[in-house]
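Dear colleague,

I am handing over the structure below, and my notes on it follow directly after. Please read them with the model open beside you.

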Amino acid sequence: MTLNIPLGPVMTDVGGLLLADDDIKRLQHPLIGGVILFARNFTSPQQLKELTTSIHALREPRLPIAVDHEGGRVQRFRDGFTQIPPMRLLGQRWDESPQDALQSAKNVGYVIASELIDHGIDFSFAPVLDVDWGESGVIGDRAFHKDPVVISELAGALIAGMASAGMGAVGKHFPGHGFVRADSHHEIPVDDRSFEDITKADMVPFRMLAKQGLRAVMPAHVIYAKVDSKPAGFSSKWLKGILRGQLDFDGLIFSDDLSMEGASSAGSVAKRAHAALDAGCDMVLLCNDAARTDELLAGLTADGVLPGIDLSRRLQQMHGHLDARKESDYTAARDAVLSLNTSQAA
């Protein structure tokens with residue numbers, strides 16, 4: 001039975017290839033507002049379509065379905081999907097021919113969006129807007145370039161390609177994860193640079209793209225010690241004061257995964273969620289721990305957190321639009337991306 005429930009402020013995952021009874025019960029909770037899928041949820045394009053169809057059938061408005069599908073080593077679905085190169089390849093192409101690189105970025109964005117929407121995925125947490133300082137292993141070749149202006153240009157083209165295929169973009173990891181060596185999945189990274197240094201470099205892509213098609217932003221689980229003692233995703237200075245106030249960004253703000261070690265400084269899972277929401281996040285993500293997700297939902301419910309009509313409307317703007325895709329445009333873009341992969345292999 002389809003339930004009419006506004007979309008709530010929590011995004012979670014599901015266990016396997018099909019919805020189990022526990023998944024269905026969890027996804028029908030009023031505080032759930034979206035689903036993120038992983039490689040474990042995929043064996044074939046047809047199975048993925050069946051899974052996303054079953055998720056979308058649970059509620060009205062339907063739950064937006066997301067995935068981390070950037071390309072390179074972060075591409076959850078592979079069999080039956082075009083291999084997307086790491087974004088660094090587009091940066092290398094820029095160094096040879098900026099115009100070719102911009103067209104390649106647009107093609108990549110179009111292919112990512114077309115293939116995901118065709119399989120019931122509403123959006124990808126992409127693009128990565130971090131600067132490649134040559135320090136961060138977890139970012140590495142996920143970054144477009146070391147020049148923030150080049151990142152802005154290439155990411156802008158990729159976002160335009162996604163938009164023309166019917167998908168909104170999510171820029172990450174605000175205000176920039178590329179300078180620190182530590183991986184926020186396993187540690188709490190600390191960036192000791194001044195606000196001025198961060199502004200002059202890492203924040204440039206976010207500033208340039210805040211009004212140029214970015215539908216949403218994901219902050220980093222990084223402490224920028226000279227600005228705030230809290231990680232950016234739990235900092236009202238970063239989210240309300242800088243991202244909303246100075247950059248005038250009016251899209252959605254998704255927290256990074258609350259189960260990551262970089263989020264541990266905020267305390268229990270419920271405290272982490274409250275800290276993120278109070279700081280300015282619209283949505284919190286909790287992945288890969290069904291028991292803690294249930295704990296979070298029970299805790300937020302007990303605290304009186306309710307789904308909001310305004311948030312629900314804004315989340316619906318993240319739904320993908322398959323009717324935007326043209327088969328001829330997709331074929332041309334896919335062939336260009338396949339050629340890009342061939343040139344990389346050579």
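I begin with helix α8 (236–246), whose buried residues (buried meaning under 20% relative accessible area with a 1.4 Å probe and protein chains only, exposed over 50%, partly exposed in between) are Trp-238, Leu-239, Ile-242 and Leu-243. Seen down the axis of α8, these residues fall within an arc of 125°, so they line one face of the helix; the arc is that of the directions from the helix axis to the C-beta atoms. Helices (H or I, at least four residues) and strands (E, at least two) are DSSP runs numbered from the N terminus.

Please keep in mind that this is a predicted model, in which local features need pLDDT of at least 70 and side-chain atom pairs count only at pLDDT 80 or more, while totals for chains, interfaces and linings use all residues. Residues are numbered from 1 along each chain as its sequence is written, and side-chain values use heavy atoms, with hydrogens and water left out.

The cover over the buried residues of α8 includes β9, α6 (195–200), β11, β12 (223–224), β13 and α9 (269–279), where contact means heavy atoms within 4.5 Å. At the start of α8, a side-chain oxygen of Ser-235 comes to within 3.3 Å of the backbone nitrogen of Lys-237, and after the helix comes Asp-248, with a positive phi near 60°.

Turning to the sheet, it is open and has eight strands in the order β8-β5-β3-β2-β14-β13-β11-β9, with parallel pairing; two strands pair if DSSP finds at least two bridges between them. Its edge strands, each pairing on one side only, are β8 (123–124) and β9 (169–174). Strands β11 (residues 214–219) and β13 (residues 252–257) pair in the parallel sense over two bridges, and Val-217, which lies in β11, has Ile-253 in β13 as its bridge partner. Val-217 counts as buried because its relative accessibility is 1%, and its contacts beyond four places in sequence include Val-170, Phe-206, Leu-243 and Phe-254.

Finally, helix α11 (residues 309–316) has Leu-311, Ser-312, Arg-314 and Leu-315 as its buried residues. They cover an arc of only 165° around the axis, which puts them on the same side of α11, whereas Asp-310 and Arg-313, on the other side, are exposed. The buried residues of α11 pack against β3, α8, β13 and β14 (283–285).

Definitions and conventions:
Polar contact = N/O pair within 3.5 Å; in protein donor to acceptor, adjacent residues only side chain to side chain.
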